[in-house]
Amino acid sequence: MQSRTLVGAILISLVSMPAAAQYFDYDPDNPAEQAPITPGEKPIIPLDTKDPTYNLWQTPRDDLGKNRKPGPINIQRYAGGAGWSGIPTFFKLPVALTPEDLIAGDVDVAIFGGHTDMGGGYRGAAWGPNALRASPSTVGWGAFSMDHMLTLVNPFKELTIVDYGDAPNDPMSTERTMHAVRAFMREVAGTKNKKGKHVFPIVIGGDHSLMYPDVAGLADVYGKGNVGVIHFDAHYDASKRFFGHLISHGQPVYRLIEEGHVPGKNFIQVGLRGYYPDAESFEWMREQGFRYHTMAEVQKRGWNDVMEDIIKEAQDGPEYVFISFDIDVMDPSYMPGTGTPESNGLTARETFPLIRRLCAESNVVGFELVELLPYRDDGYQTVLNSDRIVRECLVGIAMRKKGIDAKNYLSPLTADDGR
């Protein structure tokens, strides 16, 4: 009876409130406004650690390298083809399954999927990695691969790139998945190829809770506090509270700052807009030393000036840089297939050059593309634009490997017609 009375009182108070106050005039830090805890309430139902399937989701097969020499495995029947043909892997690349494969293959870049799907409270992002593997792009692969026209650099010729499969994922628990993904990222980024270079991880998600284990795993390899983050997003994803959970797709930034993996001064945010963060959140970001670039700033100063500042900031402070790209940073006219679309975002013309330049002109050591929900994408444009963003990153990495360090490099053949 008491619980019914409490619920009734809450409902009456909500009905009597103005619409905005129902949602925004609540202060969880005020003891008088904290939700009551039921006596004897337990936060979770304990897991059955004796269940033989308890860790099955993160236990690799013990025969991954059996009866074969270490090295990438090309599973395509033909030497190349159109983008829509062949067995789906990322860009129809060879597959690697173990760190020994990465070393033996002298791999530069390993792309893997992160199927986190519960950090936003709804399903769909788990299908993102395989949607990109089966991208409807017509860009050829293998013998049919083509140069990036603006730079005339072909990353698939300059780099050894593999599909490294998927990070472990407990489909029933974001919390359990975080530790496993962090260890997986540490395995990939901690592996050095024959040239003594760390393998460059590219992660395709999956919801944005992935940022926490991806960045923490890189910090495990490169040193805590040595990895800065360039965070592309419509939202700032540094919420402190979320129904008692400490990690979700709206909380990875706070976790990384709170645990000291990334100093606030080495956190750069791009594309913020809409209704989140609020004033209190902006104040917290300033206290931490964040550098941020909202769409309001873009409208005030112009994209080119903001872009140049972002590139300078990426080179100012952190020794290493990680790019976290939430696809909702772009306008939903380009990226409708995402869980939290927000109008008035970046365009493809603004986004593609910046990603390429950051990967070419900064010491980027990892990249993630997250929040791809292909089932909300009726026209394929979200997958096609996601495909292109990853390609732009790869072009930038290839340019850096070739020693092309000119600012905003474009091939003279394509920048103008020579007249």
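Q: Why does Arg 68 count as partly exposed?
A: Its relative accessibility is 23%. Buried means under 20% relative accessible area, exposed over 50%, and partly exposed in between (1.4 Å probe, protein chains only). Therefore Arg 68 is partly exposed. The model is predicted: local features need pLDDT of at least 70, side-chain atom pairs count only at pLDDT 80 or more, and totals for chains, interfaces and linings use all residues. Residues are numbered from 1 along each chain as its sequence is written, and side-chain values use heavy atoms, leaving out hydrogens and water.

Q: What makes Asp 101 buried?
A: Its relative accessible area is 1%. The limit for buried is under 20%, so Asp 101 is buried.

Q: Why do the side chains of Asp 101 and Arg 68 meet in a salt bridge?
A: The N to O distance is 2.8 Å. A salt bridge needs a side-chain nitrogen of Lys or Arg within 4 Å of a carboxyl oxygen of Asp or Glu. The pair of Asp 101 and Arg 68 therefore qualifies. By this rule the count comes to 22 salt bridges.

Q: Which parts of the chain do Asp 220 and Arg 186 tie together?
A: Asp 220 lies in helix α7 (residues 211-222) and Arg 186 in helix α6, so the pair ties together parts that are 34 residues apart in sequence. Helices here are DSSP runs (H or I, at least four residues), and strands are E runs of at least two, numbered from the N terminus. The closest N and O atoms of Asp 220 and Arg 186 are 2.6 Å apart. Asp 220 is partly exposed at 34%, and Arg 186 is partly exposed at 36%.

Q: Why is α11 called roughly parallel to α12?
A: Helix α11 (residues 303-314) and helix α12 (residues 348-361) pack at an angle of about 25°. Angles under 35 degrees count as roughly parallel, over 145 as roughly antiparallel, 65 to 115 as roughly perpendicular and the rest as oblique. So α11 is roughly parallel to α12. The axes are 10 Å apart; they are lines fitted to C-alpha atoms over the stretch in contact, and angles run from 0 to 180 degrees between N-to-C directions.

Q: Which residues of α11 make the contact with α12?
A: Trp 303, Met 307, Glu 308, Ile 310, Ile 311 and Ala 314. Contact means heavy atoms within 4.5 Å. On α12, the partners include Leu 354 and Arg 357.
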